[in-house]
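Biologist: I'd like to go through this fold with you, one question at a time. Can we start from the structure itself?

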Amino acid sequence: MTYVDGFVAAVPIENREKYIEHARIAAEIFKKHGALQVVECWEDQVPDGKLTSFPMAVKRKEGEAIVFAWITWPSREAEQAGMKAAMEDPRLQPGTNPMPFDGQRMIYGGFTTVLEV
């Protein structure tokens, strides 16, 4: 079964095109280092919650949109090696390709696939 890295972030709406370009560069790097698929999704229907929600999880501010993204890898081992190599790539260094959002409010995690249909 595959391994998945998942991400949720709040991105300033005015930075949409910068975010897409940043994601395009990152996706190219992840794919080079073994990722099977990189998917980036921009908010369309993301309601505010009363107890929990995507906006609450990333402390969305006025003028920000929620981004939901994932990277699929062949295995956890492939993810560990690929992510390490990707993070060492100069194109992902803050001075070269700064994130157009507050990375401190991004939530992320790695997941073992238990069902894939």
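Biologist: What covers the buried residues of α1?

Modeller: A quick word first: this is a predicted model, where local features need pLDDT of at least 70, side-chain atom pairs count only at pLDDT 80 or more, and totals for chains, interfaces and linings use all residues. Residues are numbered from 1 along each chain as its sequence is written, and side-chain values use heavy atoms, with hydrogens and water left out. Helices (H or I, at least four residues) and strands (E, at least two) are DSSP runs numbered from the N terminus, and buried means under 20% relative accessible area, exposed over 50%, partly exposed in between (1.4 Å probe, protein chains only). The cover over the buried residues of α1, among them Tyr19, His22 and Phe30, includes β1, β2 (37-42), β3 and α3.

Biologist: How far does α1 reach from its first C-alpha to its last?

Modeller: α1 has 17 residues. The expected span of a helix is 1.5 Å times one less than its number of residues. For α1 the expected value is 24 Å, and the reach in the model is close to that, at 24 Å.

Biologist: Which element gives the largest share of the lining of the largest pocket?

Modeller: On a 1 Å grid over the protein atoms alone, a pocket is an open set of points where a 1.4 Å probe fits, with protein on both sides within 12 Å along at least five of seven lines, and lining residues have an atom within 4 Å of a point. The largest pocket is lined by 28 residues, with Phe7, Phe30, Met87, Met99 and Met106 nearest its centre. β1, α1, β2, β3, α3 and β4 each give two or more residues to that lining. The largest share, six residues, comes from α1.

Biologist: Is threonine 113 buried or exposed?

Modeller: Threonine 113 sits in the segment after β4 (107-112). Leaving aside neighbours within four places in sequence, it is in contact (heavy atoms within 4.5 Å) with Met1, Thr2, Tyr3 and Val4. Because its relative accessibility is 14%, threonine 113 counts as buried.

Biologist: Which backbone atom does the side chain of aspartate 89 reach?

Modeller: Aspartate 89 lies in the loop between α3 and β4, and it counts as buried because its relative accessibility is 8%. Not counting residues up to four places away in sequence, aspartate 89 touches Ile29 and His33. At 2.8 Å, its side chain reaches the backbone nitrogen of arginine 91.

Biologist: Which residues does glycine 109 touch, not counting residues up to four places away in sequence?

Modeller: Glycine 109 has its place in strand β4. It is buried, with a relative accessible area of 19%. With residues up to four places away not counted, glycine 109 touches Val4, Asp5 and Gly6.

Conventions:
A polar contact is a pair of N or O atoms within 3.5 Å; within protein, one must be able to donate a hydrogen and the other to accept it, and residues adjacent in sequence count only if both atoms are side-chain atoms.
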